[in-house]
Amino acid sequence: MELIEEFRRFANEVEDAFWKTDNRKIKQQLEAIEEAFGQSIWLIEANIAFRQLFEGLESQKQYAQGIRSKARSGIAPYIAFYLSVKNEPTVTSARFAQSTESRLAKTNIPQSAKIYLNQRLAENWPATENGFSSILHVEQTTSPVDLYEATIAVAQVLAANGCSSTVKTALCNGLRKLVDAEDYRISKLLLLLEGDRSSISRLPAAPYEASDALLAGDPGSCWSKLQPRLRNSFVSVNDLVLASLATGRKGRTNRASNIVAMIDRLSTIYRKEDDFEQAANETLRLCHNLHFLPSLKSIRRICELECFPKTIVAPHLLIRMLNSRELDVRDLANGFETADPKLLDQLDGCQSSTASQIITALANSRSIDERAKLEDHLRTAVSAFANLREQNNEQYVDQLRSLAVGSDLPRHVRISISLQLISHLIGEGRLDLAAELAAQEYVVEPSVARTLPISAMIGTDGWRTLRPYSKNISVPIILDLRWRQTSDDRVATYRRFSTQQFLLKNGVERPSQLRTIADQFPKRELVYFLDQVCAYSVLDMLPSFTSSVELQNERKHICQFLAELDPANITKYQDEILEIANRQIVQSGLEILDNSRIHVDVDGITRWAKRELEESFFRYKALVGAGIGIAENFDDVLKKLLRGSESQQYMQLPKSEADEILITVVTQLLNGFLLDSSYGLDSYLSQRIRHGSLMNYLRSPVEQAHLVTQKSAQTGNYEPNSFWVGKLRSCMIGSSDELQAAFRTFSRTFDGQVLELKDKYLNVVSKEKPDGLFNLEITASAFYLLRSLVQEIATVEQFVPVCIRFFWGLLDPSLKAARHFLQGEIKKKFSVIFEQLKSEAFALVDFDSPAFAELSMQIGDASASVQSELDKIAGWLERQEILESKSRYTLRQAFEIAVESVLSAHKTFKPDLSLDIISDVQVGAPESLFWLIRYVCS
């Protein structure tokens, strides 16, 4: 036990040094821990996290590599590698937890090891008590330090979430044996689990002067009382919370201090300021990576409650309290479950404190003393939560709604109340009111989007859950918010359905007709609905529009209506009206889009890539920034490849950690480019060529010539060709059955050839379609070129279009080969089919008869038409960009287009350009000028 007590003393000193931003002392303490107790997973994690925090990516990578080099097998190098990944500055904890669970699920290691690694790496806790047992079982193979810390962590989670009486008894028996470790967490666990107060007297009592000052509406006094405490030997999490509520210190403090930085972040989170999401991400990331420090584990629970409001909050509150070194009334109230007034005597000044009176009132479901110095809205809030505990739901909702909607409370207080109320309403199934409040908060304060529990509101049933409330304008608004959060096509469909139903339920067909009933809706929600929800992709699904011109005109009417509703933004709406008018003028020039069926949805792929690949892309950028996987200049790589003699170094893929990430990202992007079912090349081949167009174009000439018949759905055989057999009956040499057989063979062979072309050849190569015509492989040399192109790119939105241009270039030979294949081999196959029909008819019919002459002519004409259609289909396989390059521009037009395109992507670059053209000659597409001017800008 002395060993554990000494370790906890060192660990507490590490935590105190963190809050004092004393990197030197942290290093000293970690070295002392290693010297005293040897290597442990706790120590590896602490070293990696603090090196990343204080010294950067390169330092923590070197340390992790050192661990892996010393122990090439076993659990330590594996954990070190993934903890290193977890601490990379571009890795989010949520995505890391998800990828860890997915990766471990695919391994063949024992289930107990999967459970342990899920928890140890990503805090993916098991759902069963047996799972918790597995964690402790595996931890016995590590170090005493790791086993002890795992025991405390398991005990906290089980105690906070509830466990069986058997497990509870076992936990208490084990914890009592550890009391001599002088660990406040054990004292609090025993107090929570069995009311054991024997060891809590050792804990420092939390003072209440600062919290009472804040509750009395005096943040200045609160802050002055906190300042000396923030300089104590240890930092209280409660003090950090009070400081963040009492004062907004952004821009007036030195954020080099970890204490001040945390106060800044928590203040931003509580106040829901514009950079709320950034502050929340920074805080959650820090808390995840430093979760071995109890104070950070406590702060994480605070942040999660603010960012993701929950119906059940007790487990989060309990984890927060169990990791606080001070003893306060919340510990004695067991997470608001009960509060024996006799226990309060153990805390100095507790009985007279307003804060403690609030907590005990909540715990015992009673009103607070009228003499307490408390602002009216707080008194109402206490009464509301007391009603909630007594299951007086209507009173609770009415009281909180009066605070959220009809009060002049500070913005952040009102938002917090609204979020709590929305979560409660969802839990009660009152989705109409929850949606109304959520939409109201979002359109007023877009920064709260992340905290709104929209996913819980939609649930697993999706649109069916919200359809009963489709008359409310809030429904399409919250579905629009959810779509912006997820880019989920399914949610986009819900948004379209909800918009259509909202209009129908309110007696109009088009959004602009809402003008007649505008007073029925909150003005801000109506402005948001018209401006953001009524986009072209949504309007396009409304049955009242039959053409793109009608859609554009409706959007103009919407903008005119918005200019009246929202005059503060009239310039924005007028600009959109002008843009629509300009788009209509040039609409005729866009007909070229229909001339090419080779397409990918770049915007769709970019949204998918931002959602799925952005974290990996930023990991790659961070590693490159640390000097890992630096690429050569593009021109130098290209010159060496062209020389040939110097190209051997580019025959093998690079093997740095950064390059492995980039290869994975590019491979996933390439798969999306080729095979994504919504945005990829194969999807558009399916929509624009294989399904409908191909059969229609090729079968139309033979149908017009009556050479083919339809297949019977009942028998699967082709119908008799009564047209030609009737015409040829008088000049037959053979039987009519033989002639019918010839036409059936032709129909079957012709359709079979079309189906073979559709199903076998006009596909992207894959395992299922090995004979597809469209194939693209990135060789090692191609990867080096692409790496050089993308290394300086800063965002996924810039990265994706560059890669797609590169993919198109690699795909060009395949497209060219496909066109030759259609115009060569496939043409020959169809010619043979027509010749076969003509030969068989020649043998069965008097070739000198007028009827045979007519048949022969029709066969020849149909064959020629099919050959012409094959040329047209081959033309579909020419990329749109190439078709556009056939257009001609004056030199002045080309320069103006190129300059405007570049400057739209470089808005901060304001060059003074003049153009002096001696001879305004005709040129092709301005793409080369675009790249030239872009190079100058960069």
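Trainee: What should I know before reading the numbers?
Mentor: This is a predicted model, where local features need pLDDT of at least 70, side-chain atom pairs count only at pLDDT 80 or more, and totals for chains, interfaces and linings use all residues. Residues are numbered from 1 along each chain as its sequence is written, and side-chain values use heavy atoms, with hydrogens and water left out.

Trainee: How many helices and strands in the protein chain?
Mentor: There are 46 helices and two strands. Both are DSSP runs numbered from the N terminus: helices are H or I with at least four residues, strands are E with at least two.

Trainee: What share of the residues is buried?
Mentor: Buried residues are 52% of the 938 in the chain. Buried means under 20% relative accessible area, exposed means over 50%, and partly exposed is in between (1.4 Å probe, protein chains only).

Trainee: And the accessible surface of the chain, how many Å²?
Mentor: About 43,700 Å², with 50% of that belonging to carbon and sulfur atoms. Areas come from the Shrake-Rupley method with a 1.4 Å probe; for residues, only the protein chains shown count as cover.

Trainee: What about contacts between residues 24 or more positions apart?
Mentor: They account for 67% of the chain's contacts with a separation of 6 or more. Contact means heavy atoms within 4.5 Å.

Trainee: Let's pick a residue. Is S84 buried or exposed?
Mentor: S84 is buried, at 2% relative accessible area. It lies in helix α5 (residues 75-86).

Trainee: Which residues is S84 in contact with?
Mentor: I48, Q60, K61 and A64, leaving aside neighbours within four places in sequence.

Trainee: Now L810. Where is it found?
Mentor: L810 is in helix α42, residues 796-844. L810 counts as partly exposed, at 27% relative accessibility.

Trainee: What does L810 touch?
Mentor: L776, E777, I778 and A782, not counting residues up to four places away in sequence. A782 is 28 residues from L810 along the chain, and their C-alpha atoms are separated by 8.7 Å.

Trainee: Switching to charges. How many salt bridges?
Mentor: The structure holds 45. A salt bridge here is a side-chain nitrogen of Lys or Arg within 4 Å of a carboxyl oxygen of Asp or Glu.

Trainee: Why do such side chains pair at all?
Mentor: Side chains of opposite charge can pair when their charged atoms come close.

Trainee: What does R430 form a salt bridge with?
Mentor: E394, with the closest N and O atoms 3.1 Å apart. That pair links distant parts of the chain, 36 residues apart: R430 sits in the loop between α23 (411-427) and α24 (431-444), and E394 in helix α22 (residues 393-404). R430 is partly exposed at 27%, and E394 is partly exposed at 44%.

Trainee: R690 and D682, buried or exposed?
Mentor: R690 is buried, and so is D682. They form a salt bridge, with the closest N and O atoms 3.2 Å apart.

Trainee: Which residues are linked in a network of salt bridges?
Mentor: R8, E149, D183 and R185 are.

Trainee: Last one. Which residues gather in the patch of negative charge?
Mentor: E2, E5, E6 and D180, on the surface. Patch residues have over 30% relative accessible area and no salt bridge; like charges are joined within 9 Å, nonpolar side chains (Val, Leu, Ile, Met, Phe, Trp, Tyr) within 5 Å. Asp and Glu count as negative, Lys and Arg as positive; His and the chain ends are not counted. Each charge is placed at NZ of Lys, CZ of Arg, CG of Asp or CD of Glu. E2 lies in helix α1 (residues 2-19) and is exposed, at 69%.
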